[in-house]
Amino acid sequence: MDMRLLKNVAGIALLAALAVPAAQAATVKVGVVLTFSGVNAEWGDQIMRGMNLYLKEHPDSLGGNKVELLKRDSKNPSGTVAKTEVQELITRDKVDMLAGFVFSPDAIASAPLITEAKVPTIIMNAGTAWITKLSPYIVRTSFSMWHAAYPMGTYAAKTLGCKTAAVGYTDYPPGKDSLEAFKTGFEAGGGKVVDAIPMGNPAQVPDFTPFLQRVKDEKPGCLYVFVPAGPHAAAVVKTYGDLGLREAGIKLIGPLDIIQDTKLQGMGKAAAGIVVMGHYAADYTNPANEAFVKAWHAAYGKDSTPDFSAVAGWDGMAAIAHVVKTLDGKIDPDKAMKALEGWKFESPRGPIMIDPQTRDIVQNEHVEEVVEKGDRLHVKVLETIPQVKDPCKELKVGKCGQ
Ligand code: PHB
C-alpha cells in the first residue's frame, strides 16, 4: 500500500473513532389513568395540573429526555374501566411506566397486569393500605389510609378525650381500611367504637341525613368520617352542620379528605372546628409549599387552589422524572424500581421518602383544626408526627402482614 493511501485510511479510522454519535434524547411513555368525567372529574384535572406544573417548573429534571403523558379516563370507581385502559396502554401503546389511579378499585384491578408486564407504576391517590402489596412494580406517592386514620384514633381517645366514637365510611376498600385503622388506634388509646355505618358507594353522593341522624341519636363523643374527597366530602360536612351535630356535642374528625382545600371555603361555618390528621393543606408555610402555591396561582389563577391530590401529582411527577433522569430515558423495570426505593424529595407537604422495604410513602402527619380567620377558613396545625411509615404494614395487620 502506498504511503498516501495508508495515511488516508488511518485518517478515516481516526475520524470514525472521534465521531461519537450525539446522545439521543429518549421519549418515555407514561400512561396516566385518572377520573376525568362524572361526579369525580375534578380529581383528574387537579392531579394533571400538579404533574404538568412540576415539569414546567423543573425543565431540566428529565436530564434532556422527554416524557409523553398518555391520559386515560377511568370514568367510574369500579376498577373495570381502569383495567381495560391499563391493558391497552400496556399492549397497544407500549408504555414504559404507569401513573395515576384515584380510586382503590382501579389500582387493585390493574395490579395483576402491572405485575405481569412489569410496568413501574406510581400510585398518586388510591389509599387502601395493601395496594402496594399487590405488585412489586407499584410505588405510592400519596398515602395509605392508615397514615391518617390510625394516629387520628389515638389522638381522639387520648387528646380530644372522646370516650366513644361512631364511624361513617364509604363502603368500599379504602373506607373499610380507614374504619379498621381508626378503630385499632382509638381502642388502643382506651376509646370504644359504638357504631360503624356504611354510607353508600364512591360513584354517587348519597343523602347523608339518615346516617348522621342515627349518629346524633347515639351521641358519641366523636364522629370519624371517611368519604372520598370532592363532592362526597362537601355534602357530608354540610349535613353535619344542618343536623346540628356539633351543637349536640359530637366532634367531627377524619382524615384530610373531609377538608380538601378545593372544597373547604365552600363548606362554610359547618367546617370550623373539624379536626383531621393530614399530610397537606394549602395553608402550610414551609418554603417548598409557599413556592408551590405561588407557582400554582401564577399558572392557574389566583382563584384556583392546590390540594393534596395536586401535590400527589407534583410529587409523583418528580418521582417519574427521577427515574427518567437516573436511567437516562431507557426504562428497565427493575432498575426503575431500584431508583425509586429510598428516593427522597422535598415536597410541598414536607420531606418525603419511598420506604425501600414497602415501596410506600413515608411522610409527616399533622393534627389540623379548621379555624375561622376573617372571612376565610384556615387550616391550623396543632401537632406534627414526623416521618410516619404506613402503620398497617408496621403493625402487620391483615393483608398488610402477608
Ligand atoms: C381511594 O379510593 O383509595 C380514595 C379515594 C378518594 C380519597 C381517598 C382514597 O379521598
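Predicted model: local features only at pLDDT ≥ 70, side-chain atom pairs only at ≥ 80, totals over all residues.
I'll start with the helices. Helix α11 covers residues 308-326, and helix α12 covers residues 333-340. Their axes come within 9 Å and cross at roughly 120°. That angle makes α11 oblique to α12, since the perpendicular class ends at 115 degrees and the antiparallel one begins over 145. The crossing of α11 past α12 is right-handed. On the α11 side, the residues that meet the partner are A319, H322, V323 and T326. On the α12 side they are A336, A339 and L340. By type, the contact has five nonpolar residues, two polar ones and no charged ones.

Next, N65. This residue sits in the loop that runs between α2, residues 42-57, and β2, residues 66-73. One is the backbone oxygen of L62, reached at 3.0 Å. Another is the side chain of D328, in a polar contact of 3.0 Å. Leaving aside residues up to four places away in sequence, N65 touches Q24, A25, A26, V324, D328 and G329.

Last, P255. This proline lies in strand β9, residues 251-255. For a distance across the chain, take L382: it is 127 residues from P255 in sequence, and the two C-alpha atoms are separated by 15 Å.

Notes: Residues numbered from 1 in each chain as written. Heavy atoms only, no water. Helix = DSSP H or I, 4+ residues; strand = E, 2+ residues; numbered from the N terminus. Axes fitted to C-alpha atoms, helices over the stretch in contact; angles between N-to-C directions. Parallel < 35°, antiparallel > 145°, perpendicular 65-115°, else oblique. Left-handed = near helix turned anticlockwise from the far one by under 90°. Contact = heavy atoms within 4.5 Å. Nonpolar A, V, L, I, M, F, W, Y, C, P; charged D, E, K, R; others polar. Polar contact = N/O pair within 3.5 Å; in protein donor to acceptor, adjacent residues only side chain to side chain.
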